[in-house]
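Work through the exercises below with the coordinates open. Try each task before reading its solution.

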Amino acid sequence: QVVAQNADITDPGVKYSALLQQYIDGDRDAAFLRKLTQTAQQVGDKPGAARAGKDYINILKAPYSDEAMQFIVQFTSSTKDPGFALLQNELSNPASRLNRREVTVKLMNIVFSDVINPDLQQSGGNPDWAAIEAKIKPYGAPGEEIFLRAKTVYLFNKQDWQQYAPVATAYIEKYGNNIPEQEKRMFQDATARGKQ
């Protein structure tokens, strides 16, 4: 015999409407904001999930629980999000229990999307790498790593071996441990062409 005792069979959309009304009425309790964010995500309201997620992150206080950190990582998608600066600070905290590489890669992807890629798209095939490098300075090591990677890949794809060699060499020397072995060999083989 199967019993569905105390099962919540409320339609997610109906539940979300009720939660949204609580939010409009001023409820900003941490547990409530977390639930609202997750429900907004469940019903596909991305802007609502982003707004409630930002509100939740803004009221969190250090030290952060593992659950709070997972939430921050999940709901940080822009350099302007409150979670971005928080994750940057956590990366520099030696006591942090973050998965450092996972968070670094997340921040690198955000910096690429928000800062580097728009310049590459508007450059007409001739990016101003010095200007891009200046823009990524505030983003620390994740910014520097994605800058070197983006420039290395860009010059590799253009087969501009002369400019490629010093950039790829710097990237491999500084961040080689983070590059998959096959890709690293490909980059190293190509640097030889630039040195000829």
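**Exercise 1: helix α6 against helix α7**

Helix α6 (residues 100-122) and helix α7 (residues 129-136) have axes that come within 10 Å and cross at roughly 160°. This is a predicted model.

Step 1. Take the crossing angle, roughly 160°. Angles over 145 degrees count as roughly antiparallel.

Step 2. Sort by class. The contact of α6 with α7 has seven nonpolar, no polar and two charged residues.

**Exercise 2: Asp-119**

Task: is Asp-119 buried or exposed, and which residues does it contact beyond its neighbours within four places in sequence?

Step 1. Asp-119 lies in helix α6.

Step 2. Read its accessibility. The relative accessible area of Asp-119 is 18%. Buried means under 20%, so Asp-119 is buried.

Step 3. Leave aside the neighbours within four places in sequence. Asp-119 is then in contact with Ile-132 and Lys-135.

**Exercise 3: helix α7 against helix α8**

Task: describe how α7 packs on helix α8 (residues 140-158).

Step 1. Get the geometry. The axes of α7 and α8 are 9 Å apart, at an angle of about 160°. The cut-off of 145 degrees applies again. α7 and α8 are therefore roughly antiparallel to each other.

Step 2. Assign the hand. The crossing of α7 past α8 is right-handed.

Step 3. List the contact. On α7 it is made by Trp-129, Ile-132, Glu-133 and Ile-136. On α8 it is made by Gly-140, Gly-143, Glu-144, Phe-147, Ala-150, Lys-151 and Tyr-154.

Step 4. Sort by class. The contact of α7 with α8 divides into six nonpolar, two polar and three charged residues.

**Exercise 4: helix α2 against helix α3**

Task: do the analysis for helix α2 (residues 30-43) and helix α3 (residues 46-59).

Step 1. Get the geometry. α2 and α3 pack at an angle of about 155°, with their axes 8 Å apart. That makes α2 roughly antiparallel to α3.

Step 2. Assign the hand. α2 passes α3 in a left-handed crossing.

Step 3. List the contact. α2 contributes Ala-30, Leu-33, Arg-34, Leu-36, Thr-37, Ala-40 and Gln-41. α3 contributes Gly-48, Ala-49, Ala-52, Gly-53, Asp-55, Tyr-56 and Ile-59.

Step 4. Sort by class. The contact of α2 with α3 has eight nonpolar, four polar and two charged residues.

**Exercise 5: aromatic rings**

Task: how many aromatic pairs does a search of the whole structure find, and what is the geometry of the pair Tyr-171 and Tyr-175?

Step 1. Count. The search finds eleven aromatic pairs.

Step 2. Take the pair. The rings of Tyr-171 and Tyr-175 are 6.5 Å apart centre to centre, with 45° between the planes. This pair is tilted.

Step 3. Check burial. Tyr-171 is buried at 2% relative accessible area. Tyr-175 is buried at 9%.

Step 4. Widen the view. Phe-156, Trp-161, Tyr-164, Tyr-171, Tyr-175 and Phe-187 form one aromatic cluster.

Note on methods: Residues numbered from 1 in each chain as written. Predicted model: local features only at pLDDT ≥ 70, side-chain atom pairs only at ≥ 80, totals over all residues. Heavy atoms only, no water. Axes fitted to C-alpha atoms, helices over the stretch in contact; angles between N-to-C directions. Helix = DSSP H or I, 4+ residues; strand = E, 2+ residues; numbered from the N terminus. Parallel < 35°, antiparallel > 145°, perpendicular 65-115°, else oblique. Left-handed = near helix turned anticlockwise from the far one by under 90°. Contact = heavy atoms within 4.5 Å. Nonpolar A, V, L, I, M, F, W, Y, C, P; charged D, E, K, R; others polar. Phe/Tyr/Trp six-rings, centres within 6.5 Å; stacked < 30°, edge-to-face > 60°. Buried < 20%, exposed > 50% of the residue type's maximum accessible area, 1.4 Å probe, protein only.
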